[in-house]
Amino acid sequence: MALRLRSSLSKSNFLNILLRHNNLGFGTASHTTRVSQNPISRFCNTMAEKLSSVGEHEDANAQVMDFPGGKVAFTPEIKFISESSKERVPCYRVLDDNGKLITNSHFVQVSEEVAVKMYSDMVTLQIMDNIFYEAQRQGRLSFYATTIGEEAINIASAAALSPQDVIFPQYREPGVLLWRGFTLQEFANQCFGNKSDNGKGRQMPVHYGSNKLNYFTVSATIATQLPNAVGAAYSLKMDKKDACAVTYFGDGGSSEGDFHAALNFAAVMEAPVLFICRNNGWAISTPTSDQFRSDGLVVKGRAYGIRSIRVDGNDALAMYSAVHTAREMAISEERPILIEALTYRVGHHSTSDDSTRYRSADEIEWWNKARNPLSRFRTWIESNGWWSDEEESDLRSRIKKEMLEALRVAEKTEKPNLENMFSDVYDVPPLNLREQERQVRQTIKSHPQDYPSDVPL
Amino acid sequence: MAALLGRSCRKLGFLSSGHGARRSVSTETGKSLNLYSAINQALHIALDSDPRSFVFGEDVGFGGVFRCTTGLAERFGKNRVFNTPLCEQGIVGFGIGLAAMGNRAIVEIQFADYIYPAFDQIVNEAAKFRYRSGNQFNCGGLTIRAPYGAVGHGGHYHSQSPEAFFCHVPGIKVVIPRSPREAKGLLLSCIRDPNPVVFFEPKWLYRQAVEEVPEHDYMIPLSEAEVIREGNDITLVGWGAQLTIMEQACLEAEKEGISCELIDLKTLLPWDKETVEASVKKTGRLLISHEAPITGGFGAEISATILERCFLKLEAPVSRICGLDTPFPLVFEPFYMPTKNKILDAIKTTVNY
């Protein structure tokens, strides 16, 4: 997997941590300019560097030993690496709470066109979510899960990627599809499982997928997509594509074994993959304090030899900049990047959840109003003269109308034909499935009342 | 250990050239190879014939703990043949992603006993990848290879036969070869089949089985069972290493005037019901044998299906001679195993029912 030897070496010398408590958050020397003394594979990161003469035990420290994995210096002091740094890793943001650009902030400039599309898509996502949610409450949809509060993560990250980057979502990232051109009608079709659904009516609502838009179909299993993304990234690297794999997951997902497996594989395989964690504070009813005891997700990257950043997930401009930068690193340096986007899940986990049972309505309201990602970004684009109240209301009324129409059409479109139950289990239905289809069709003739009338035979 | 019945060093030439073998490939000559060499050959051919194919898993770089991947890294490079971290869920998950991008991912799980961490990826991702996406995506290029089965001294964690778990998963295929020549042809079929496949290799036969294996690229079809010995009084169905034992029982039964028909199922999912049904309609009796524990074993599926299809033709209950319902024991392995004599006794009981 070590296709090429790299000269830049990230200094993950644990003795440095012991002696200097070096907190490598954002803001220290840029990784892309750091070059090691030894032009060897960067994954000899267990290699200790020669210590400068610090401490009282210089003679003992001067001895080094070559264990498998590289040289380590010794210390006669019994010192443990602390379980956490003194300070939490700082969070990258560019817009303040009111949407005003922070002075001297680093960010990647976005054009008016891109910024307006970003904002419009965030609004569209918000309206779509609200309408679908209500539709489920009214009994028109069986199930729905909103992305309320996480619109900036969805849209800004998508905007920073290229269409060839392959997406491995969890289930709270429909905005990425929206950005790429999935229509409101297509969303509605999947939710109703009608014959126009790409997925042919096989899965619950919000389990979108689109090969045309390079977005792998959602599966409800948590974090299983992470190692898949690494394999896909490896494929892109082998094909020398100017593209990376991007996978999303929540704070809860990071507890799964597949998270550990994926990050470790990504580092060893030198795979160009972005791991974007939506740390929204909740895994259904489980707060992050019951999920892990590390300083969030960002510190976990180092354990695998992965460069990481923590970003304000509700700051669309910061999100865009972080993902844009990470993507370039991932592809040009053939490495994984971990991005922890801090945010808040404003909506319930899904329509099967009432989150006021485990958190206060005040807390939800505060995040919805005071920390709303849409209003912050709106302030910024308005300050550039790129948006107005009139455009806002025009957009909102247009989208609402389109959404309701999409719902109406999707609802009355017929379901996929029964044969779609038996196709695609394998590339070609085997004999046992053909036999079972025959049997089911026989049974339907005898007991038609047992079967839904909206599934064409 | 020396008392292990039927596990002495016995060459398996007779299985392939036995009565009624119909595969054209079995009449070809080739080089005398053991099972791991035949598998190695298949992998060389697979990687040579498709530049977008990869072999990876724990320790495959130096040739693998069973030497199945010898020479691959040297020949095809470390980008295509490589070691992975020790993590089965990662190995299979990574393989699924690679396959989803149109590559052939030939994954090795070091022992079938260790496949369980990957079970979620196999069941919930690989098996459903095509179906759930409406055929927009698939990971058909995925093949998972794992050594399985008793080896004489393997105990709980180097002897398991977990095929039954996987036969319960719509969307994947399960294939088990009986010999070197079969293994090469079946493995190439699995690798090229557009569906994810789990390929269990009888580790007992890696060195013990030696056979003439044609050197060229050939494939043996999946989901086609083979009658490897014709007979009239009773049908025996098995797979993998167990067929050697069953063949011995058939030979001894013949001395007592019982004519046995022996079928190698080869593909367990989806399995060839028609061949077994035709045979049982002829003989009226069925005996299934597998190393895996009897309860919930794949023999139960075969028994139930044949009962449905051949009830009136049956002269006796379907017999299952299988491993016992215990974790695979070390000292007690000879007692656990479905031995030749257990099978022979059951043949006689069934015939005299």
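Across the interface of chain A and chain B in this predicted model, the rule finds two salt bridges. One of them joins Arg309(B) to Glu435(A), and the closest N and O atoms of that pair lie 2.9 Å apart.

Which elements give two or more residues to the side of chain A that touches chain B? They are α7 (225-238), α8 (257-269) and α14 (431-446) of chain A. The largest share of that side comes from α7(A), with nine residues. Sorted by class, the side of chain A that touches chain B has 21 nonpolar, 18 polar and seven charged residues.

I turn now to the extent of the interface. In total, 46 residues of chain A are in contact with 47 residues of chain B. Between them, the two chains bury about 3,700 Å², and 61% of this area is on carbon and sulfur atoms. Of the area that chain A buries against chain B, 17% is supplied by Phe216(A), Phe265(A) and Tyr426(A), more than any other three residues supply.

Finally, let us consider chain B by itself. Chain B contains 14 helices and 14 strands. Its radius of gyration is 19 Å, close to the 20 Å that the globule rule gives for 353 residues, so chain B is as compact as a globular protein of that length. Along the principal axes, the C-alpha atoms of chain B fill a box of roughly 60 × 45 × 40 Å. Of the 353 residues in chain B, 65% are buried. Among the contacts in chain B with a separation of 6 or more, 83% are between residues 24 or more positions apart.

Notes: Residues are numbered from 1 along each chain as its sequence is written. Chains are lettered from A and ligands numbered from 1 in the order in which they are written. This is a predicted model: local features need pLDDT of at least 70, side-chain atom pairs count only at pLDDT 80 or more; totals for chains, interfaces and linings use all residues. Side-chain values use heavy atoms; hydrogens and water are left out. Contact means heavy atoms within 4.5 Å. Buried area is the accessible area (1.4 Å probe) that two parts lose on being put together, summed over both. A salt bridge is a side-chain nitrogen of Lys or Arg within 4 Å of a carboxyl oxygen of Asp or Glu. Helices (H or I, at least four residues) and strands (E, at least two) are DSSP runs, numbered from the N terminus. Ala, Val, Leu, Ile, Met, Phe, Trp, Tyr, Cys and Pro count as nonpolar, Asp, Glu, Lys and Arg as charged, and the others, Gly among them, as polar. The radius of gyration is taken over C-alpha atoms; the globule rule is 2.2 Å times the number of residues to the power 0.38. Buried means under 20% relative accessible area, exposed over 50%, partly exposed in between (1.4 Å probe, protein chains only).
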